[in-house]
Amino acid sequence: MALQTLPRRVGRSLVRGARAVRSHRWARGLTVASAGVLMMMGAGAAPAPRKLASHAASEPKAWIDAKSFSVFPLGDGAMPDDAQSLCAALQEGWKTAIVVPDPEKAVIIAGGVYPSVASMLIDFSDGRVRPSDRNNKSGKIEINNKVERNLQVEHLEVRGEPVLLRSTRMNMRLTADTAQIDLERDRHGKPVMMLAKAKSGTLSFDVSRADAESLVLHDAREMASHYGVSIESIKIIIFPETPRSIQASVYVETKIAFIPAGMLFQAHITIDDSMNARISGLACEGDEALGPLIVHFLRPSLARYNGKTHPLMSFPADKMKLRDVAVRVDDSLHLTAAFGS
């Protein structure tokens, strides 16, 4: 259907749709999804990274912020001074973000003499994540960088197998050996716990292809709805060439003013020995009635990502570094990372 044959009201809707694409607020979500499906856990809710004085202002931001795995709020009370009060503070801290089946059994601290313990287990398994309010930034943790106390943990484990977000299931596990945990406060004065050092550690994450598509689809619909754009479906295909190199494609089926538009995003992601991830070959093709028109406006946004190299993952403590990473794909996407101080 030619644009000039549409009623004037629909024509105005199409113009608004084109402007929405040019503003690239929701387009950014789609282009990042197409170019870096590895970063889906942060697609919308990762806290802002801590700014360290020793880091240059121009340093590129990492694709993944590990703060969401290694920083925990400790409620609104006093700084914990023993194992029992730390367990209670952790339970109080996360209750607004995640509902676990049995809070009393979600934290187990054993062995040693506080503040030096043999093991700490934080278990979010079968916990249901409360959807975040995108208009409310108060949930983001910004640390004041003033350590008040340290906790030495011979073996730390944080796991959610699975964690439930809306109708999707994700599995994650973090382990750290010979770890140091810092107790400090956020910018509102509330106590927080942060994994600051570890001799060695691993982070693993997996999500099924169907759940990954559901997560990306929900976020994309939420962003696009502000502009009268209806996203009908998203199809993700990932082909791993090596554990550190993948080809990814995302097909997005949309409607603008009831007129269909299809877009196919494609990208190549490689991770080098320095743990930097580079996006290349980022392209988009359109089909259906409006697809070719929309990709004309999307391509300038895509160009800003194409060829970009950023650290794959950043930790809130500058002594923590990513050492290795591997991606595997079957019916699910599996990401495994090794880190340490």
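Start by selecting helix α6, residues 291-305, in this predicted model. Helix α6 lies across β11, β12 and β13 (276-287), and its direction is at about 170 degrees to that of β13.

Five strands make an open sheet in the order β10-β11-β12-β13-β14, and their pairing is antiparallel. Colour β10 (229-242) and β14 (309-311) to see the edge strands, each of which pairs on one side only. On average, neighbouring strands here are turned by 25 degrees against each other, direction ignored.

Next, zoom in on β11 (residues 245-256) and β12 (residues 259-271): these antiparallel strands are joined by 12 bridges. For a landmark, pick Thr254, which stands opposite Ala261 in β12.

Time for some rings: the structure holds two aromatic pairs. Select Trp94 and Phe124, an edge-to-face pair with 4.8 Å centre to centre and 70 degrees between the planes. Trp94 sits in helix α4 (residues 83-94) and Phe124 in the loop between β5 (116-123) and β6 (127-129), so this pair ties together parts that are 30 residues apart in sequence. Buried or exposed? Trp94 counts as buried at 6% relative accessibility, and Phe124 is buried too, with a relative accessible area of 11%.

Finish with Phe315 and Phe339, a tilted pair at 5.3 Å centre to centre, with 45 degrees between the planes. Look for Phe315 in the loop between β15 (313-314) and β16 (321-329), and for Phe339 in strand β17 (residues 332-340). The pair links distant parts of the chain, 24 residues apart. Both Phe315 and Phe339 are buried.

Notes:
Residues numbered from 1 in each chain as written. Predicted model: local features only at pLDDT ≥ 70, side-chain atom pairs only at ≥ 80, totals over all residues. Heavy atoms only, no water. Pairing = 2+ DSSP bridges. Helix = DSSP H or I, 4+ residues; strand = E, 2+ residues; numbered from the N terminus. Axes fitted to C-alpha atoms, helices over the stretch in contact; angles between N-to-C directions. Contact = heavy atoms within 4.5 Å. Phe/Tyr/Trp six-rings, centres within 6.5 Å; stacked < 30°, edge-to-face > 60°. Buried < 20%, exposed > 50% of the residue type's maximum accessible area, 1.4 Å probe, protein only.
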